[in-house]
Amino acid sequence: MEIIAAITAGILVSIGVWLLLDRNLVRVVLGVVVIGNAINIAVLTGGRFNGTTAPFTSAAGVPELASNPLPQALVLTAIVIGFALFVFALAVLKRTWELHGTTATDRVTEVAEDDAPDLAPPALATPSAPADREGRR
Amino acid sequence: MLLTLAFIVVAMLFAPSLSRALDARAGWLLALAPLAGFVWMLTQLPVVSSGGVVLESYAWVPALDVALSFRLDGLSLLFGLLVTGIGTLIVLYAGSYLSDHHHLGRFYAYLLGFMAAMLGLVLADDLIALFVFWELTSVMSFLLISFQHENAVSRRAALQALLITGGGGLALLAGLILLGTAADSWQFSTLTAEAVEGHVLYPAILVLVLLGCFTKSAQVPFHLWLPNAMAAPTPVSAYLHSATMVKAGVYLLARLNPVMGGSAGWGTTLIVFGAATALVGAVLALRQTDLKRILAYTTVTVLGQLTMLIGTNTAYGLQAFVIYILAHSLYKGALFMAVGSIDHATGTRELTRLGGLIRFMPLTGAAVALAAFSNAGLPPFFGFIAKEFKYAGLIELGPLGWITTVVMIVTNALLLTAAGLIFIRSFLGRQGAYPRHPHEVSVFMWLGPMTLAIGGFLLGTFNNVAEVWLVNSAVQAVARGPVDVHLYLWGGITPAVIASLLTISLGILAYVKRHAMRRWMTRWHTIWQISGDLLWDRLLKRVFIFAGQIADRFQHGSLRQHIALLALASSVFALLGVALAGGITAWPPVTSPISWAASAGCILAITGAGAAAAMRDRIALVTATGACGLGVALFFLAINAPDVAITQIMVETLTVIFLALVLRKLPPLQVVGSRNSKRRRLHMVVSVLFGLAFTAVLLTSIAGPLPGDIAAWYLANSLPGGHGANVVNVILVDFRAFDTLGEILVVALASIAAANMLGGRSARKDGNNGNPEFGSVLLRQGIKPLAGVLILVSVALLWRGHNLPGGGFIGGLVAASALVILALGYGVPTARKLLRIHPPRLIGVGLALAAGAGLIGLLGQQPFLSSAWIAPGGLALGSPLLFDVGVFLTVLGSMVHMLFRLLEKEA
């Protein structure tokens, strides 16, 4: 089972990276979700699937073949944190769209960053600039 | 010694406010700090001159064996007296010189800061401490040169000085570390020549240390920065760039001479570079017409001669070294200050406009005359003894010394000419065409030069006093063995005296023929065009262009290329790591039996993710993502992780809702993947490689045995130690509660950040009655009881979580989903009203409860977050339960906060 899980995690990570490399920010956000899922599977796989029962104990004693509780505790919080991260990414996506009207990753950088003031063409600094700017619009 | 330093540092800290309160008179008070240091040094003279040393040591970085240890021997005392003595005069002088400058306080602070650093440098016994002080002097020099930073020339000069001396400083650090490692000692006083000179690293140490010293002391080809540093105010030039800082390099050479000076390479390098520097400085000095630049170039000459004298390592040479340091600091400090006064009084430093100043400034003129005689090396001044001993030391050395003697005769003759230029041209002869009518300067401005110049005269006349108290112990500190020190003005007709006579006649000849010489020099104009300064500018430009190209290569602004490179590099390294990994006990790894349900979950997850990657329709995307998450949940459930599976289902539900809410406002996706098919293939390769590396790492990690028995410990101690049957929950709220506290803090922060990004609260508070999709009356009627049930269920999950599947995380998510349906069905205002409490406040209360639960442990004198239990009536209640409530509220608050903001903005 561990091998299947490891391969699954690998395939999911592949898909996730493929999505991250997409031009569209929507897919990038989905990539974050998919990679998160893959990592959660990987962490659990690292703890092995030796148990046949859930990690619950009783007054009678510890069950012989309980599954490993530590990775489960780690993954449980990771899921919630991953969700908060996902919403944050989603918020960035939404804001980018509202501000720049684009969701293409490489375009966003171009739109968002102004030239350094020193590098601005001198035409803009001269008094005739307003007319010039009007013309460009 | 630390007290002396501390006193100066305190003066530095109070300088700006004192200066504001007392104006220029603050200088009188501030000068007390270096004066106190000077007096203290004087009281140490008896001890040191009789061969003793004063030691002080404080642990600084004990782990690295770095100590703040100070050691006062003859050499340190000589430099210490110069630093504090001249420092006192300079502080007084600066008060008058810059009296009308609006940043005088800042100037005092920089000056005193430099003084402390320089004093620390000459007193430090620890290699690393010396380096730190060394760099501090470079930084303070940068600040002082750029003091008039409105001036582009000053800025350029400051940067040039910093880059050259700082670059040399880096080499020095490497050299000192090698030195310390080679000798296995980090104190100068415990270094031994046998350990250093015989070591295999000696050549490397030599080159690195010399680089540091040569840059600091402006040796060819690093001499560029010193003349340019004259852009600084004159007190700075007098203090840093003639008397003290530039001598730091020579100081270190002298300090290391006993342990490193035994090799032929040391002597030859120092003599060759020193002689070249001296010659270059003297020749260039004569081409200048600006008094300060003349002085700067003669300083370069002197530094070259000093370097050379250490290289001789003869008794006369080392005596000449010590005498010359003293003589030069006195007369050059005096000349610089006097030139500052001339500048102050007449408004110019150009030789061609000066002349006849003795009528207006007799006191300054007298000081300049005395200093210039010492500079020229005329008897009975101290400079004369220095020159005599210099020749004697070189002649002692043999053939190499004779060649350098010739060089020396020429440079000293040129120095004499320069001295003549400074005194005769500016003070005697016809009255010059000054921009301003000159006047004698105030008392503090002539006191400094006069004191130093008279000092030079007295030391020369009463040279046995200097010998007994100062020179002897300093020479012993520099020399490799005991040296017989004896100073004299007249030692009979020796080769040195003949060389002296030659120098003087040559110098006078050069002065008389100076116009012819200048004309002759201008004829070789092609030579003067090979300016190091221009080369420096070109070099700097190249460096910037090169750096820009490198930066452009990596900072191209394309997010996708960054990710691709990152993924590619990490997969390569991961695969390399897998290939080199040891400890694989079984291959293929021993695995548990295949679970069909888990496999089905895997297939569902892969299918969902694949569909999300391939499809364009927004609804399909949301569905595919949901399918992927549900597949993962199924997998969790099948491998006996019920808590994780429930959390995953809840989160997946919320993910789908949030995704759908955002995506419906965005345009449809245009293209799948990249337009460029070549780039697409590249991305495909990167993704597949990364996935392969991921799987390979995972397989390798499970191929070995699971280390330790952590799982068993948690299982065994959950019920007895944590009073809970649900081991996962006990780990979260008890055993590893501190982790969980950090994690809910992350969730809270991320949600607040995301909520702010999603936008503020909508202006329209009413009129939002939910989404029209939920317009059906039947549906709406169903929602309310359902939400109520969900809230109840969430509380139940929270309560039973310690023993059965559930807990704060799951409960919080379920409660959040109840509010999600309410907000969707009835609108956010209604949901807010039903919640009654502002979500961020909910987050705050939750975090406070969780942290407060930890404090209970503290009350019981246990570590933070230790659990405490009471059992009233058989019902076990403990701080972990309170902690879980905190988790519940934080998660609920975070989710609801984000959702409300998103929906309000939508409306």
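Where is N313(B) found? The residue sits in the loop between helix 15 (291–312) and helix 16 of chain B. Please keep in mind as you look around that this is a predicted model.

N313(B) is not a glycine, yet its phi is positive, at about 55 degrees. N313(B) counts as buried because 22 other C-beta atoms lie within 10 Å, and the cut-off for buried is 20 or more. H723(B) is another non-glycine residue with a positive phi, again of about 55 degrees. You will find H723(B) in the loop between helix 31 (710–722) and helix 32 (727–735) of chain B. H723(B) has 19 C-beta neighbours inside 10 Å, so it counts as partly exposed.

Here are the two side by side:

| Residue | Phi | C-beta atoms within 10 Å |
|---|---|---|
| N313(B) | about 55 degrees | 22 other C-beta atoms, buried |
| H723(B) | about 55 degrees | 19 C-beta neighbours, partly exposed |

One more backbone detail in chain B deserves a look. The peptide bond that runs from V220(B) to P221(B) is cis, with omega near 5 degrees. P221(B) belongs to the loop between helix 10 (202–216) and helix 11 (225–228) of chain B.

What about chain A? Its secondary structure consists of six helices and zero strands. Of the 137 residues in chain A, 55% are buried. Among contacts in chain A with a separation of 6 or more, 50% join residues 24 or more positions apart.

Finally, the two chains meet: 77 residues of chain A are in contact with 90 residues of chain B. On the chain A side, the elements that give two or more residues are helix 1 (2–20), helix 2 (25–46), helix 3 (69–100) and helix 4 (105–112). Helix 3 of chain A gives the most, with 23 residues. Sorted by class, this side of chain A has 49 nonpolar, 21 polar and seven charged residues.

How values were computed:
Residues are numbered from 1 along each chain as its sequence is written. Chains are lettered from A and ligands numbered from 1 in the order in which they are written. This is a predicted model: local features need pLDDT of at least 70, side-chain atom pairs count only at pLDDT 80 or more; totals for chains, interfaces and linings use all residues. Two residues are in contact if their C-beta atoms, placed from the backbone, lie within 7 Å. Helices (H or I, at least four residues) and strands (E, at least two) are DSSP runs, numbered from the N terminus. Ala, Val, Leu, Ile, Met, Phe, Trp, Tyr, Cys and Pro count as nonpolar, Asp, Glu, Lys and Arg as charged, and the others, Gly among them, as polar. A residue is buried if 20 or more other C-beta atoms lie within 10 Å of its own, exposed if 12 or fewer, and partly exposed in between; C-beta atoms are placed from the backbone.
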